[in-house]
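Please look over the sequence and the structure shown here before reading on. The briefing that follows takes up a few topics in turn, for a reader who is meeting them for the first time.

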Amino acid sequence: MQPHIRAIIAASAHALVTGKKVAGLYDHLAARHLKIAAEARGGHLQGFDGDRASKFGGTLPELQDIGAGAQIHMEMEDGGVRGYDRSTSSHFNAKVDDALVRLYDHADGAWFSFTVQVAP
């Protein structure tokens, strides 16, 4: 799975699970802050990836990354989300714990962590 798709999933998962607006992410693997924002209302999500100047969003279970044309199937589960990135044929699971999102990318067989900056 591409790193920007993991970031979109992490921001989306946090917004959907907590109902809070995401104002940014810190990608622990890349050791850098990402300009990414997301907001959810019910099952509807809208977001913006400022690093790529690209919108993303949709209504569960289907989300789309407009800039890359990627389709993401995402379903809520207890304390997180699970789904499938159609662009890379990758399954994922993400768990939300306060300001931390841990995402497991089945294609890479690895965990990825993101710290979320919540909008005031």
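A residue is called buried under 20% relative accessible area, exposed over 50%, and partly exposed in between, using a 1.4 Å probe and protein chains only. By that scale glycine 50 is partly exposed, because its relative accessible area is 31%. The model is predicted, so local features need pLDDT of at least 70 and side-chain atom pairs count only at pLDDT 80 or more, while totals for chains, interfaces and linings use all residues. Residues are numbered from 1 along each chain as its sequence is written, and side-chain values use heavy atoms, with hydrogens and water left out.

**Nonpolar core**

- A nonpolar core is a set of buried Ala, Val, Leu, Ile, Met, Phe, Trp, Tyr and Cys residues joined through side-chain atoms within 4.5 Å.
- The largest such core has 31 residues, and those touching the most other members are Ile9, Leu25, Ile36, Leu45, Ile72, Met74 and Phe92.
- Several elements each supply at least two residues of this core, among them helix H1 (3–18), strand E1 (22–27) and strand E9 (90–97); helices (H or I, at least four residues) and strands (E, at least two) are DSSP runs, numbered from the N terminus.
- Helix H1 gives this core its largest share, 9 residues.
- Isoleucine 9 is in contact (heavy atoms within 4.5 Å) with Met1, Ile72, Met74, Phe92 and Leu103, leaving aside its neighbours within four places in sequence.

**Strand E9 and its partners**

- Strand E8 (residues 80–85) runs antiparallel to E9 and is joined to it by 6 bridges; two strands pair if DSSP finds at least two bridges between them.
- The hairpin of E8 and E9 has 4 residues between the strands, and serine 89 in the turn has a positive phi of about 55 degrees.
- E9 also pairs with E10 in the antiparallel sense, over 6 bridges, and phenylalanine 92 has aspartate 105 in E10 as its bridge partner.

**Salt bridges**

- A salt bridge is a side-chain nitrogen of Lys or Arg within 4 Å of a carboxyl oxygen of Asp or Glu, and the structure holds 10 salt bridges.
- Aspartate 108 and arginine 6 meet through their side chains in one of these, at 3.0 Å from N to O. Aspartate 108 lies in the loop between E10 and E11 and arginine 6 in helix H1, so the pair ties together parts that are 102 residues apart in sequence.
- Within that pair, arginine 6 is buried at a relative accessible area of 7%, while aspartate 108 counts as partly exposed at 41%.
- Glutamate 62 forms a salt bridge with arginine 86, with the closest N and O atoms 2.6 Å apart.
- A network of salt bridges links Glu75, Glu77, Arg82 and Lys95.

- Aspartate 27 lies in strand E1.
- Aspartate 27 is buried yet has no salt bridge, and the nearest side chain of opposite charge, that of arginine 32, is 6.0 Å away; Lys and Arg count as positive and Asp and Glu as negative, with His and the chain ends not counted.
- Not counting residues up to four places away in sequence, aspartate 27 touches Arg32, Leu34, Ser113 and Phe114.
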